[in-house]
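Student: I'd like a close look at one part of this model. Please go through it step by step.

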Amino acid sequence: MYKRAASLAVLLVAVASPVATAAPTSTVYVHGTDIAAAEQAVEAAGLQKLTSFRKIGVVAARGDAARISSARAKSGVTRVEVQRPIKFLGSTSHIATRGLDARTSLGLTGEGVSVAVIDSGVDPTHPSFGGRIVRNLKSLCLDGTTQTNCIVPVPNFLDTDTTSLGGHGTHVTGIAIGGDVQTTGGPVIRGAAPGAKGVVISTGAAILILGADAALNWVLENHRAPCGAGVPAATCPPIKVINNSYGPSGGGAFDPESVTVKLQRQLVAEGVVVVWANGNDGGDGSANLSNPPGVDPTPGVISVASYDDQGTGTRDGALSDFSSRGLAADSATWPDISAPGENITSSCRLYLPICATGLDPQNGPGLLDLGTFNTISGTSMAAPHIAGIVAQLFQAKPSATPADIERALKSTAHKYGTGYQPAGPYTSSFDKGTGLVDVVAAVNAL
């Protein structure tokens, strides 16, 4: 039985992978069904061949984005592995989800919605947020308590993300609600719902998440007016979605009677979607490694696997190796959906430990904004994509229920890879869930 305990709770962030500076051309590995197929694809696409790995059917080649995309479509090509991504994934991930399309064509920015983030904290002064952190809270709760009076407000300008896992919460919050920021000499970094407001509850110290249940309880008691009864919704909208990028290492059994599950089921009953990172334990389907509360079958509780868009925004990428799999023989343990979580560039401060694990720091627009973005991987990064997308969907249809939101997301997910089979009203898989989120299709389904 899964027992909710802070001693087991870890932030779900994987080891970061290096991402190179964007360049006109990139080096790729073209994987073929055999070496001949790989070589033919490289030649036909007009890529510059660098070398071959004949025994594994791979050709290293170089070219621009158009030629790389052309090679991916050639007969006999099984994968194109980008060694030097064409763009930073802080930009391309929202192409893969079609979230940027929903912004530009439908005007959906998450306006009118607050997103709650339970994490290590946030730096509200980061250029990604532009004053949109409307409530900044700190948990002083002992593990297991659910007393709301141990969640205390702090000034909206105070950086709460300075514990020994500092940086995780700021990075996660930026993925969910970060505004468009032009980096110095680099790409525009953006969040999924730049019009949404943020309510961040700092609960972390060292590798522990303390008082996370108390944070869920605070949201349960305050989601309708998170800044207080006297503050208008135009300034501080209701919380409609919570992001949870933490959980026990190695998964565990789902306990429907746990405090966490009871809280999240009541939140859903009151109209709040609850999003969980599915975990970073990989697996092969022989065991259930999914984050336990995320597999709650209650419609409106959504678990998220990590998708790799290969640095190009492709919708036919691959599941991240580190993304936790459910038990192949038990669809109740499978993740719900996939979202980009590999090599995601978002808000960071390089002097904080988690941010320092990223290997591609970028500077913000100001003279003092040095090292304000970095690239990190994990299902921690996949979950806030979905949290921000949920805000977009609630903007599109404010009357939607959490069940409506989950149904729209799962019924329209893009099928990448293989292994899908009937699972309730959907086709799903033990590793990818129902597929890659498609924001535009989900909006249309609503």
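Student: How many bridges join S20 to S21, and are the two strands parallel or antiparallel?

Tutor: Four bridges link S20 with S21, and the two run antiparallel. (Strands are DSSP E runs of at least two residues, numbered from the N terminus; two of them pair if DSSP finds at least two bridges between them.) This is a predicted model, where local features need pLDDT of at least 70 and side-chain atom pairs pLDDT 80 or more, while totals for chains, interfaces and linings use all residues. Residues are numbered from 1 along each chain as its sequence is written, and side-chain values use heavy atoms, without hydrogens or water.

Across the pair, Ser347 sits opposite Phe373 of S21. S21 spans residues 373-376 and is covered on both faces: Phe373 and Thr375 are buried on one side, Asn374 and Ile376 on the other. Buried here is under 20% relative accessible area with a 1.4 Å probe.

The structure has one cavity of 30 Å³ or more, meaning a set of 1 Å grid points where a 1.4 Å probe fits but cannot get out. The largest cavity holds about 40 Å³, taken as the space filled by probe spheres set on the points. Both Ser347 and Phe373 line that cavity, with lining residues having an atom within 4 Å of a point. Strand S20, residues 344-347, gives the most to this lining, with three residues.

Definitions and conventions. On a 1 Å grid over the protein atoms alone, a cavity is a set of points where a 1.4 Å probe fits but cannot get out, and a pocket is an open set with protein on both sides within 12 Å along at least five of seven lines; lining residues have an atom within 4 Å of a point. Buried means under 20% relative accessible area, exposed over 50%, partly exposed in between (1.4 Å probe, protein chains only).
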